[in-house]
Structures are given as C-alpha cells and as structure tokens.
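Subject: Structure handover

Hello,

Here is the structure for your files. My notes on it follow below.

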Amino acid sequence: MLAKFDQTDGQLIHLLQQNARESTATLARKLGLARTTVVARLGRLERTGIILGYGVRLGSQFEEGAVRAYCTICVFPHSTTGVIRALERMVEVEEVSSVSGQFDYLAFLRCTTHERLDDLLDRIGNLEGVKQTQTSIILARKIDRR
C-alpha cells in the first residue's frame, strides 16, 4: 500500500491538512498537476485507507474558551474493553491512545469549564476497571501541525 505513496501524495496530504475544503482545481494548480490527476490520486488515497475522511479544525475562538487536558489511565487486567466503551460515550473525551509505560491509555479531554473537567475526571476515575489516573491541564499549545 505505501509503495504507491510518493512525494506528490505527501504534498497533496499536506495541502489538505491545511485546508480540506480546497478545490481540486486549486490543489492541482498548487501541485502543478492536471485536475483529473489530483482527483485520481485522492480516490486512490481514499480507497487504500491513507485518507480516511475529512474533518474540521477548530479556530482559536473555540480553543480559547476550552479547558483541555491529557489524562493518563491505568486499568486493571481484563477490564480494557469496558473502560474503552465507557470512554467512547463521554463526548468530552476526544481521543484515546494506548501507550507504553506506567499507564495503559492517554486520553485527550476538552471541556467548557474547569468544573466540568473536574466532573469528567471524577467520572473517569470512578469507572469500573480504572485503577489510577493522572491529569495534566494544557496551558498553551506551542506547536500544532494538525
């Protein structure tokens, strides 16, 4: 699959990460390719699963009002499935990754207030199967390449 991925595909993905709503004609012009070539490349990248979808980047007005945090979660053996299902139902949990080290999971959380974050952390900590959590509130984003 990645054998078909070349530098032009990388440039195309980079342009889409900057603006996923960019027209294929504009993408083609920026890449120096025919529009039909860009359409064909996008189709191939989607079919092979390199591009899974297109999303929304939130602006600074939304980000400035949010309380964001990373929460590491350690779970008891044989309870991972239940914990992950419970986390999926919490809309403030935007991302969960399994990680190596002392903790099992790293969750990215976004709440509207510190009080809601406190409530969310209580809910996560009280989930059946959660052994321990540790949370770091994000003060400022220094680099964002998403």
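Which side chain does glutamate 94 meet in a salt bridge? The partner is arginine 110, at 2.5 Å from N to O. By salt bridge I mean a side-chain nitrogen of Lys or Arg within 4 Å of a carboxyl oxygen of Asp or Glu. Glutamate 94 is in strand 2 (residues 93–98) and arginine 110 is in strand 3 (residues 105–111), so the pair ties together parts that are 16 residues apart in sequence.

Before the rest, some ground rules. This is a predicted model, in which local features need pLDDT of at least 70, side-chain atom pairs count only at pLDDT 80 or more, and totals for chains, interfaces and linings use all residues. Residues are numbered from 1 along each chain as its sequence is written, and side-chain values use heavy atoms, with hydrogens and water left out. Helices (H or I, at least four residues) and strands (E, at least two) are DSSP runs, numbered from the N terminus. Buried means under 20% relative accessible area, exposed over 50%, and partly exposed in between (1.4 Å probe, protein chains only).

Arginine 110 is buried, with a relative accessible area of 9%. Glutamate 94 is partly exposed, at 43% relative accessibility.

Other salt bridges

The whole structure holds seven salt bridges. One of them joins aspartate 9 to arginine 41, with the closest N and O atoms 2.6 Å apart. Aspartate 9 lies in helix 1 and arginine 41 in helix 3, so this pair ties together parts that are 32 residues apart in sequence. Both residues, aspartate 9 and arginine 41, are buried.

Glutamate 22 pairs with lysine 30, and here the closest N and O atoms are 3.0 Å apart. Glutamate 22 is partly exposed at 22% relative accessibility. Lysine 30 is partly exposed too, at 49%.

Leucine 16 sits in helix 1 (residues 7–18). Its relative accessibility is 9%, so it counts as buried. Which residues does leucine 16 contact, leaving aside neighbours within four places in sequence? They are Leu27, Leu42, Ile51 and Tyr54, where contact means heavy atoms within 4.5 Å.

In helix 2 (residues 24–31), Thr26, Leu27, Ala28 and Leu31 are buried. Their cover includes helix 1 and helix 3 (35–47). Just after helix 2, glycine 32 takes a positive phi of about 70 degrees. The C-alpha atoms of leucine 16 and leucine 31 are separated by 12 Å.

Best wishes
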